[in-house]
Amino acid sequence: MVRLNEIRPGEVAVETPAQMDAGVYFIGRIRTPWTSRLDCPRQGRLDGPSCTIEVSAPWADGLDSIVEFERLEVLYWLHESRRDLVRQSPRSDGNARGVFSLRTPVRPNPIATSIVQLVKVEGSTLIVRGMDCLDGTPLIDLKPDRTLFNPLAPPQPGDFQVGDP
Ligand code: SAM
């Protein structure tokens, strides 16, 4: 069930730190048909409606060559989410789970990701299918879908390894 602002049985809210550790740039806005969380899909589908990603100045030049990729990973900021619930009960049945075992929009940093089909590039605007966010949701990044890349070569002598100082 979609959360609007309630705390459900079994859920736990924490006091969030007074200070942030980093800042983000909103690099654009996502235009979708959905103006209410009640209507938004839980996850986007590649056969879903066309949505528009508007990339703002000065970031638009970063779209150069993006047309080469049929699928993109979109990162966006779920700006209407509360951020303090560490245990949540998605089914409102009192069986709460930790936030990091869920794809809930309610998270300490409400970052969402979707894999989308790139339909068209028109200047600084992308037409895509596969979104699941409210109209006007801030965009934080775009990357080619990682599955379009070949696996990395096996490590070579002298390569950095996890755990190296
Ligand atoms: N696909 C993303 C993911 O897995 O990271 C997001 C999934 S999240 C379950 C999608 C839901 O977030 C939508 O159904 C809607 O209820 C909610 N949502 C969408 N846009 C939002 C926004 N801008 N602020 C807060 N909640 C939003």
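**View 1. Ile-30 stands opposite Ile-53 of strand β3.** The model is predicted, so that local features require pLDDT of at least 70 and side-chain atom pairs pLDDT 80 or more, whereas totals for chains, interfaces and linings use all residues. Residues are numbered from 1 along each chain as its sequence is written, and side-chain values use heavy atoms, with hydrogens and water left out. Strands are DSSP runs of E with at least two residues, numbered from the N terminus, and two of them pair if DSSP finds at least two bridges between them. Strand β2 (residues 28–31) pairs with β3 in the antiparallel sense over four bridges.

**View 2. The side chains of strand β3 (residues 50–55) alternate between two faces.** Strand β8 (residues 125–129) runs antiparallel to β3 and is joined to it by five bridges, with Ile-127 of β8 as the bridge partner of Thr-52.

**View 3. Ser-114 lies in strand β7 (residues 111–122).** Ser-114 is buried, with a relative accessible area of 6%, and its side chain makes a polar contact of 2.6 Å with the side chain of Tyr-76 (a pair of N or O atoms within 3.5 Å; within protein, one must be able to donate a hydrogen and the other to accept it, and residues adjacent in sequence count only if both atoms are side-chain atoms). Not counting residues up to four places away in sequence, the residues that Ser-114 touches include Leu-72, Val-74 and Met-131, contact meaning heavy atoms within 4.5 Å.

Terms used
Buried means under 20% relative accessible area, exposed over 50%, partly exposed in between (1.4 Å probe, protein chains only).
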